[in-house]
Amino acid sequence: MTNRKLLVASAVALALSSGQVLAENVLRWTSQGDALTLDPHSQNEAPTIAMNGMMYESLVTRDSEMTLMPELAESWESNGNTWTFKLRQGVKFHGGEDFTAEDVVFSFDRARHEASDYKEQIKSVTNINVVDDHTIELITEEPNPILPNQLTSLFIVDSGWAEANDVVNPQNFAGGEENYATRNANGTGPFKLVSRAPDEETTMEANPDWWGKGEFPGNIDRLEYRPIANAATRVAALLSDEVDFVLDPPLQDLKRIEGADGLKTTTVPQVRTIFFGMDAGVEELRTSDVKGKNPFADVKVREAMNLAIDRKAIQRVVMEGLSFPAGMITSPGVLGNNPEQDAEIPFDPERAKELLAEAGYADGFSVRLDCPNNRYNNDEKICQAAVAMLAKVGVKVSLDAIPKSQHFPKIQNRETDFYMLGWGVPTLDSHYVFQYLLDAEGSWNAAGYNNSKVNEITTAIASEIDADKRTMMIDEAWTEVRNDMPYIPIHHQVIAWGMSEKVDAPIASDDAFRPRYAVMK
Amino acid sequence: MLAYILRRLGQSVLVMAAVSLISFSLFNFVGDPVNNMVGQEATREDRVRIRQELGLDDPIFIQYFRFVSNAVKGEFGLSYRVRRPVDVLIKERLPATLELVAVSAVIALVVGICAGVYTGIRRDGWLSKTILSTSLVGVSLPTFIIGIGLIYLFAVTLRWLPSSGRAGVVELGWWKTSFLTVDGWRSIILPALTLSLFQLTMVLRLVRSEMLEVMQTDYIKFARARGLSERSINFVHALKNTLVPVITIIGINIGGLIAFSVITETVFQWPGTGLMFIQAVDFADVPIMAAYLCFVALVFVVVNLIVDLLYVTIDPRIRIAGR
């Protein structure tokens, strides 16, 4: 018996020590959805950008704290309509090609192609001048104070590689053929692609020739990514030590992960605000019993709707504490968010009833709430809670909770009276919110909001370079919005990551995993 | 005989046409794929352009006609989600599903028949009662609960088997198999067991009731009277005669297994066609959904055709009526 024990012990010791000899830091990680493509200009979707951002780099990037950082550009400055970027020297692509100004021009042209999903982000750029091999100028029609913010996911590809592999343009659907760049990557970034099986496994290894080697804390040698669609299975994989890091554990499982040996969770407020929109722009609501007029056109009704929602209760009961009740539709971290404006809108059903009576709806009215059921954290449950809260002030809401593929077209096509939407701000600047949600012409402004002052400011802040003046204008516009209440802010979402205690991956409010900062013990 | 086969083939083509048309008209309700294909910044003009490029604004019968005329040529287009040709994707994913279905069919048959014979003979034994009552789990619990339960037991608590995925795959030409490595077998056990439980229960109960019936028949009594051994009565004379309905049911249910594998594959992240289909539904990836539904319809039609033809050879009455 003793002999056997000894044998087992020595076998275990041998196994352990051989493990240490091969001490390569392999990080196995998972999330719900794989990157849709590795083509860096084909699909503007957060998980795709995060995955590509491990292999490709842009001129300017953000660290885990969301601070703008130099990446392929070492410095940049603006002068009127011109932004000058000094490019990093001595950088090589994974295939060995030199990184030069020509690649930047090529990548911008590629991103401006009709089939690119990034052309909107750089539409202000009218011209690119190559000053020398490592200096470029981006010329814009009007001065653009936030151009660097708009470039953080505009990845640079090698022109020679793209030409050699016939991927000068991003994927076009008419062709019916797979594009080489969909499953192959040649960037300048900290990780090189080793293998790619979409929806199965993607492996990368550290790029030994990366310019940033030694400047970043990360010590990962190899990344093994395996998407797991089912949330419970994803958590099980972490609990059974088959993965070291889960990007998106379901919020209700965080306590379970926290309670398991050797596992931990981290959370951070996300740059994404959840809110309801009320269409004030139509003559008559499509789903209401009020005919001939639109109750939402009256600011008293919109205020009443806002006062009827108990945001604290939603936070406590629906979100299990994992949300931040909001007063405005943009999150902390975005330029323009301030604690005063973002103060939670009070819950006051009595006042809501009075306001409804003043507006001529003492008996309330009916309307349908359109809600997604597979897009945001607990989206459908939030809507259910809101329906009950609104019923208490006399607004009879019927709920239509449907998958996102059916929900968002309703907003796009202006076919909804009352809807849920979440909005993230990749540029971290309020302009992005005004441009799409509050400007009368905004493509996601299904609230029909039209305030001439807000419209003016939206245009003005796109080209105002005086930072102080610009911030004041943004503030002024938000005050208008707070008074007009076109939307019902609910909360800012929270991101949670689950990982092994061996791993230290700094969480980021854009939910992107940045392995260059990840440390394994 | 030839006329019978031709008639059946003609009916199969009709069924395929009907299934594809019905599934195609359903795609109008899954939503707008374009919204998933572009970022939130995309302009309205851009969305309209893509819709036109994909022909999504055309009337449904024109879209259907285009689909059928391309499908006849073997072209199923490009997946909206992963931007790769649909036929290539299905070919890549099919081995995983077929291997999963094969293993679970074997589990269902072997365990189901053995347990069915046992419970049929020892009707009142405590083991029979236990088997029968636990087998109820197989039909009454939803697949995903069984799957998650097995994962928590064998992967999280005991750590004997991996929780998900398909490890240890070996490539034999274009066919990727997980039968040749230990890792491969370790990862197929849990999903195959999950998928087999429903069929297993059905086979078990079918064999048991057939056994009970056969044991009452005269020829078994005569066999006993002739002094044949219990073993040879049970397994040679009785079991043989219970198998005809069992094989029919299993044949038909192979199609069912492929269809049920959608849920099992999702729970275990098994990289087969079912998982691909679920992800396509989520994304409103019409080319994948259309091709997959036609493929499943084809499987059902072919299996039914084979079963029908087998009937003809087994049962001469059909042959005569068919004339």
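Trainee: Leaving aside neighbours within four places in sequence, which residues is A:Phe418 in contact with?

Mentor: A:Phe418 has contacts (heavy atoms within 4.5 Å) with A:Phe276, A:Gly277, A:Met278, A:Phe296, A:Met305, A:Val367, A:Arg368, A:Leu369, A:Asp370, A:Leu390, A:Val397 and A:Ile488. Residues are numbered from 1 along each chain as its sequence is written, chains are lettered from A and ligands numbered from 1 in the order in which they are written, and side-chain values use heavy atoms, leaving out hydrogens and water.

Trainee: Which residues have the most contacts inside the largest nonpolar core?

Mentor: A:Phe418 and A:Leu438, in a core of 79 residues. The term covers buried Ala, Val, Leu, Ile, Met, Phe, Trp, Tyr and Cys residues joined through side-chain atoms within 4.5 Å. Helix 11 (residues 379–392) of chain A gives the largest share of this core, seven residues. A separate second core has 62 residues, among them A:Trp83, A:Phe93, A:Leu151 and A:Val157.

Trainee: Why is helix 3 of chain A called largely enclosed?

Mentor: Eight of its eleven residues (101–111) are buried, so the rest of the structure largely encloses this helix. Buried means under 20% relative accessible area, with exposed over 50% and partly exposed in between (1.4 Å probe, protein chains only). The eight are A:Ala101, A:Asp103, A:Val104, A:Phe106, A:Ser107, A:Phe108, A:Arg110 and A:Ala111.

Trainee: What covers the buried residues of helix 3 of chain A?

Mentor: The cover includes strand 5 (82–87), strand 6 (125–132), strand 7 (135–140) and helix 5 (159–164) of chain A. Helices (H or I, at least four residues) and strands (E, at least two) are DSSP runs, numbered from the N terminus.

Trainee: Why does B:Leu100 count as buried?

Mentor: Its relative accessibility is 0%, so B:Leu100 falls in the buried class. B:Leu100 sits in helix 5 (residues 86–121) of chain B. Not counting residues up to four places away, B:Leu100 touches B:Ile188, B:Pro191, B:Ala192, B:Leu195, B:Glu265 and B:Trp270. From B:Leu100 to B:Ile189 is 89 residues in sequence but 8.9 Å in space, C-alpha to C-alpha.

Trainee: How many of the residues of chain A score at least 70 in pLDDT?

Mentor: 95% do, and the chain averages 92. Residues 10–21 of chain A, however, are below 50, and this stretch has zero contacts in the model beyond near neighbours in sequence. Where pLDDT is low, predicted coordinates should not be read in detail.

Conventions
This is a predicted model: local features need pLDDT of at least 70, side-chain atom pairs count only at pLDDT 80 or more; totals for chains, interfaces and linings use all residues. pLDDT is the predictor's confidence in each residue, from 0 to 100.
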